[in-house]
Amino acid sequence: MDHVTRNINNLTTLWETVGTAFNTLHKETLYNYCYVPGSDWPNRVWLSPGAGEEAVLQAIAAVKTLPHKLTYSHWSGIDEAEPSLFENAGLALKSTQVGMSLPLQAPLPEPGRLQLRRIQDVSQAATWETLYPQSFGYRISAETVVRTMQQIPYFLIHFGQEVIGTVIAKRTGEIIGVHALGIIPAFRKRGFAEEAMAVLLNAARENGATLATLQASQLGKGIYSRMGFSDDFVVRNYHLPA
């Protein structure tokens, strides 16, 4: 299984875990979707491997009737469906990300300023809900965290007495998928994102992980490239205009 397939599998497994917890995961022949009432994430639609135009049309028809806004994610160059199919069907491009990977061959340097503490109770989940939108502009509800924290490791990033960020570490086999890594604006440009990543990946490597994967925004891509991550594919995210 190549890096691209393993990256996408890690990501969709994360979404499926959340959808299953809320009984809102729908796996159809050509497409899949899940959502969380009262939350902005994952609220996602994605095509089955090899799906094409018919899958796009079926997914839009099924999901547009829901009382929730879902994002359609497309892996460029992997699905048979071309980006133009989404646009021709009335969807608008919402954002793009780059799927990236890094073989975990050697420890990464850690300055020792940060601690990553896994969320284990409702109070910590509430802190996550407050902090997360400051980095990303959308909400992952405390209820989502509480319902899935036994299956999904959510971490708060601590700098001394301050809680400065969030990150998810999703393990699938020997893959550690890094998601939702964000540092709140007041603590940016101090190398904290790189350090949090190093702490996370060093621990994963010690526990047998051999490859790290993520999907980077344009804001984060430069950070991960400097750390040695390679570009593997492009994710295009679409939505139905209001």
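Predicted model: local features only at pLDDT ≥ 70, side-chain atom pairs only at ≥ 80, totals over all residues.
Local features are reported at pLDDT of at least 70 and side-chain atom pairs only at pLDDT 80 or more, whereas totals for chains, interfaces and linings use all residues. Residues are numbered from 1 along each chain as its sequence is written, and side-chain values use heavy atoms, with hydrogens and water left out.

**The sheet**

Helices (H or I, at least four residues) and strands (E, at least two) are DSSP runs, numbered from the N terminus. Two strands count as paired if DSSP finds at least two bridges between them. The model contains an open sheet of 11 strands with mixed pairing, in the order β1-β2-β3-β4-β11-β5-β10-β9-β8-β7-β6. The edges are β1 (26-27) and β6 (114-118); each has a single partner strand, so one side of each lacks a neighbour in the sheet. Two bridges join β1 to β2 (residues 31-34) in the antiparallel sense, with His 26 opposite Tyr 33.

Strand β8 (residues 162-172) has eight of its 11 residues buried, where buried means under 20% relative accessible area, exposed over 50% and partly exposed in between (1.4 Å probe, protein chains only).

| Strand pair | Bridges | Bridge partners | Turn glycine |
|---|---|---|---|
| β8 and β9 (residues 175-183) | seven | Gly 165 and Ile 183 | Gly 173, positive phi of about 65° |

Helix α2 (residues 53-63) lies across β2, β3 (44-47) and β4, and runs at about 30° to β2. Helix α7 (residues 218-226) packs on the sheet, where it touches β5 (92-103), β9, β10 (211-216) and β11 (230-239); its direction makes about 15° with that of β5. Contact here means heavy atoms within 4.5 Å. Axes are lines fitted to C-alpha atoms, for helices over the stretch in contact, and angles run from 0 to 180 degrees between N-to-C directions.

The buried residues of α2 include Ala 55, Val 56, Ala 59, Ile 60 and Val 63. Viewed down the helix axis, the buried residues of α2 fall within an arc of 125°, so they line one face of the helix; the arc is that of the directions from the helix axis to the C-beta atoms. These buried residues pack against β2, β3, β4 and α3 (83-88).

**Aromatic pairs**

Rings of Phe, Tyr and Trp (its six-membered ring) pair if their centres lie within 6.5 Å; planes under 30 degrees apart count as stacked, over 60 as edge-to-face and the rest as tilted. By this rule there are 12 aromatic pairs. Trp 15 and Trp 75 are stacked, at 6.2 Å centre to centre with 20° between the planes. Trp 15 lies in helix α1 (residues 3-21) and Trp 75 in strand β4 (residues 71-75), so the pair ties together parts that are 60 residues apart in sequence. Trp 15 is buried at 3% relative accessible area, and Trp 75 is buried at 3%.

Trp 128 and Tyr 154 form an edge-to-face pair, at 5.2 Å centre to centre with 85° between the planes. This pair links helix α4 (residues 122-136), which holds Trp 128, to strand β7, which holds Tyr 154, 26 residues apart. Trp 128 is buried at 0% relative accessible area, and Tyr 154 is buried at 0%. One aromatic cluster is formed by Trp 128, Tyr 132, Phe 136, Tyr 138 and Tyr 154.
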